[in-house]
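Colleague: Could you walk me through this model, starting with one residue and then moving on to whatever connects to it?

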Amino acid sequence: MSDIVLSLQNLNKRFGALQATGDVSLDLKPGEIHALIGPNGAGKSTLIGQIAGNIRPDEGRVFLADTEITGMSIAQRARLGLGRSFQVSSLAEPLSVMRNVMMGVQALQSHSFRFWKPVARDRHLLEPAYTALERMQLSHRAWTPVFELSHGERRQVEVACALALKPRALLLDEPMAGLGPEGSAKLTELLETLKLEVPILLIEHDMEAVFRLADRISVLVSGSVIAHGDSQAIRQDPRVREAYLGDSDA
């Protein structure tokens, strides 16, 4: 499994009579973006929860490289190198962009965040945070309160927070949500180059972004993967086209 960064093996999750995840297997390889798509109500949120650690599968296993993380907490997974951005913003809006990212670094380093200490002198927090902001082209907004940012900039900060944890794999949950064409285009360009540094499992509804970014695509419908392949194969798959007719639920 050495060439696999993240591996899901036969994950199953039931909520009463509902089969939310049905025998799902997929993997993430170095240097790639693997997109997970599906109509609303397909089970993507449940699957993301099983990867991230806030939902325990009934059956199946999750590996980060060669380490099984199925029973680990969200924090343990993060320390091992599973980075995540959220569908709904989890940023602390009154704080600056820099302090939001620094809190991510602090969580990784597992020491108390001392708000009374001059942050400009705390290079152990400042340097990796600044590097992550530079990578997301936000260093010029470092000391701006989050509430002053545009929606697109907030999405970039969320990815920077995940990058500050120095992840081995990055789980991005609908990063294009709420972005207009210009914001989506900018974030798409950033993610295109980012995959060379950290492989990305991308959950996304913006099909234009998916087909541009993804090296591989898995299609989830009613909790099960019905198709795997590159953009061309997925575009032409009749099962996929049928699944997206009348898409109305998430």
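Modeller: Let me begin with Asp173, which counts as buried because its relative accessibility is 6%, where buried means under 20% relative accessible area, exposed over 50% and partly exposed in between, with a 1.4 Å probe and protein chains only. Please keep in mind that this is a predicted model, in which local features need pLDDT of at least 70 and side-chain atom pairs count only at pLDDT 80 or more, while totals for chains, interfaces and linings use all residues. Residues are numbered from 1 along each chain as its sequence is written, and side-chain values use heavy atoms, with hydrogens and water left out.

Colleague: Which residue forms a salt bridge with Asp173?

Modeller: That is Arg84, with the closest N and O atoms 3.9 Å apart; a salt bridge here is a side-chain nitrogen of Lys or Arg within 4 Å of a carboxyl oxygen of Asp or Glu. The pair links distant parts of the chain, since Arg84 is in strand E6 (residues 82-85) and Asp173 in strand E7 (residues 169-173), 89 residues apart. Strands (E, at least two residues) and helices (H or I, at least four) are DSSP runs, numbered from the N terminus.

Colleague: Is Arg84 buried or partly exposed?

Modeller: Arg84 counts as partly exposed, because its relative accessibility is 22%.

Colleague: How many salt bridges does the structure hold?

Modeller: The structure holds 14 salt bridges, and one of them joins Arg135 to Glu197, whose closest N and O atoms are 2.5 Å apart. Arg135 lies in helix H4 and Glu197 in the loop between helix H6 (181-194) and strand E8 (200-203), so this pair ties together parts that are 62 residues apart in sequence.

Colleague: New topic: where does the second largest pocket lie?

Modeller: It lies between domain 1 (1-81 + 167-249) and domain 2 (90-166), because both give residues to its lining; the domain bounds come from an automatic or database domain assignment.
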